[in-house]
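Work through the exercises below with the structure in view, trying each task before reading its solution.

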Amino acid sequence: MLSEPATPPQAPLQLAAPVHATFRFYEELNDFLTVERRGHEFSVRCARAATTKHMIEALGVPHTEVELILLNGESVGFQRLLADGDRVAVYPAFERFDVTPLLRLRDQPLRVSRFVADAHLGGLAHLLRMMGFDTLYDNAFADDAIERLAAAEHRIVLTRDRELLKRRGVTHGMYVRALRSTAQLREVFNRLDLARSARPFTRCLHCNARLVPIHKAQALPQLPPRVAATFERFSACEGCAQVFWEGSHWRRMRDLIDELLSRTTAADEAALGAAAEARRPP
């Protein structure tokens, strides 16, 4: 009787060696970290085949808040795989020096600033419309809808929900830190440098459509008697047909607009002065 050949012993499975990487986050990105990790380097064990994006978000930082990643001193993108011993420096948007020569993380910048705001930012959405920016908002928007709108219409997501900014379809976004709508507007303007693109009072605060000038005779059917007797200039919304005039609300908003736009004027004057000084012969 023949016996079956003995099964050769199997080699023990070789488990992948664990990967540890050292991270350092800079400036306001530390706000997203646990307290013990803020402001200094720390080492963590990484998931198997982890990318820079995966680990940055696993540590709590939305990828939309990141402008530059240096891996062992080399500028890399979100999809770079991490190896044991890697050192990762993660930076937010830069304001004080130009990083254009370095690799940016997104395929292309958004040439036109269009926004979609989540359910918690209705006041900010209305103020952005007041400043002339195309801003979608509905307090019934689900996260899935915001992600689809951002991807399909190339919109910047504004939110106080950091998990929304981690979604794959959100390539451009901003975590809004301020709580009051006017402070939120200042924050967005400063960080995204919006002042030069502002076109105040050109969009409807209610439906986001464009405003167009109309003659007073066209506006009269919708005007209260006091308004008809006091004002001469009017605009109408191309979407909902609501009529607007330069009343008390307009004057209050004008103060905020002048404040935001005056910063740009002062910065431009300072830059022109510095350029003139540089050109002056010794």
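**Exercise 1: a covered helix**

Determine how far helix α2 is covered, and list its buried residues.

Helix α2, at residues 122-130, is mostly covered, since seven of its nine residues are buried. Buried here means under 20% relative accessible area, while exposed means over 50% and partly exposed lies in between, with a 1.4 Å probe and protein chains only. The helix itself is a DSSP run (H or I, at least four residues; strands are E, at least two), numbered from the N terminus. The buried residues of α2 are G122, L124, A125, L127, L128, R129 and M130. After α2 comes G132, which has a positive phi, near 95°.

This is a predicted model, in which local features need pLDDT of at least 70 and side-chain atom pairs count only at pLDDT 80 or more, whereas totals for chains, interfaces and linings use all residues. Residues are numbered from 1 along each chain as its sequence is written, and side-chain values use heavy atoms, with hydrogens and water left out.

**Exercise 2: rings and charges**

Classify the aromatic pair of F115 and F133, and state where each ring lies in the chain.

Begin with the rule: rings of Phe, Tyr and Trp (its six-membered ring) pair if their centres lie within 6.5 Å, and planes under 30 degrees apart count as stacked, over 60 as edge-to-face and the rest as tilted. The structure holds nine aromatic pairs. For F115 and F133 the ring centres are 6.0 Å apart and the planes stand at 80°, so this pair is edge-to-face. The pair links distant parts of the chain, with F115 in strand β6 (residues 115-117) and F133 in the loop between α2 and β7 (135-137), 18 residues apart. F115 counts as buried because its relative accessibility is 0%, and F133 counts as buried because its value is 3%.

Next, find which residues form an aromatic cluster: these are F23, F25 and F42. Finally, the charged end of R24 sits over the ring of Y26, 4.2 Å from its centre; this requires NZ of Lys or CZ of Arg within 6 Å of the ring centre and within 35 degrees of the ring normal.
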